[in-house]
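Colleague: I'd like to learn how to read ring contacts in a model. Could you take me through them slowly?

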Amino acid sequence: MHLLTLLATLTLLWPVGPPPPEILRGWQPPPGPYAAGHRGVDLAAPPGTPVLAPAAGTVTFAGPVGGRGAVTLTLPGTGTPPLRTTFTPVTPLVPRGTRVAPGTPIAEVTENPHCPRTCLHWGLRRGDTYLNPLALTQHRASRLLPLTPGAP
C-alpha cells in the first residue's frame, strides 16, 4: 500500500499538543543504512507531557532501550509489514499488547540530553525502512505572501 493512499484512510493526530508542537529537529534520512542521519523528528515537549497515540494501534513495545524509555505503536491495516511509530524518551503508561484509539495517552515525556531542551523523538518505520513521521500529520504546505498589500 502506498503511504499517501494509506494516510487518506487513517485518523491521525499529533502525538503531543494541541496545538501542534514546535519541531526542534526535522527528519534527515541517512544516505545508507549505517550512515549518520536523524531517523525521526524532535518535537518540543516539557517533561510530563502526555504522548498521545497518533492513530489506532497496538502497543508492541513499552520499556527501556539504551537507558531511555520507549513505546512502539504498530498501526494495523497499513500494509505488510505494518507501519510502526516509536516515541522516546518516555515513561510508558500502557503495557505491551494494549490496543489504543487515536488520542489515547500511551506515555509521558521524560528529560534527556537528546535535544537542547526537552523533546519527544518521534520515529516511523515500515520493516527496516525509516520514514518521515511528519507524513502522518496533516501538515499544510507553506505559502509565501506578497510584502505589500494588493501586490500580485
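Modeller: A charge sits over a ring if NZ of Lys or CZ of Arg is within 6 Å of the ring centre and within 35 degrees of the ring normal. Here the charged end of Arg125 sits over the ring of Tyr130, 4.6 Å from its centre. Arg39 lies over the face of Tyr130 too, 5.6 Å from the ring centre. Bear in mind that this is a predicted model: local features need pLDDT of at least 70, side-chain atom pairs count only at pLDDT 80 or more, and totals for chains, interfaces and linings use all residues. Residues are numbered from 1 along each chain as its sequence is written, and side-chain values use heavy atoms, leaving out hydrogens and water.

Colleague: And how many aromatic pairs are there?

Modeller: Rings of Phe, Tyr and Trp (its six-membered ring) pair if their centres lie within 6.5 Å; planes under 30 degrees apart are stacked, over 60 edge-to-face, the rest tilted. That gives two aromatic pairs. Trp14 and Trp122 have ring centres 6.3 Å apart and planes at 55 degrees, so they are tilted. For Phe87 and Trp122, the centres are 6.3 Å apart and the planes at 15 degrees, so this pair is stacked. Trp14, Phe87 and Trp122 form one aromatic cluster.

Colleague: Is Trp122 buried or exposed?

Modeller: Buried means under 20% relative accessible area, exposed over 50%, partly exposed in between (1.4 Å probe, protein chains only). Trp122 is buried, at 0%. Trp14 is buried as well, at 18%, and Phe87 is also buried.
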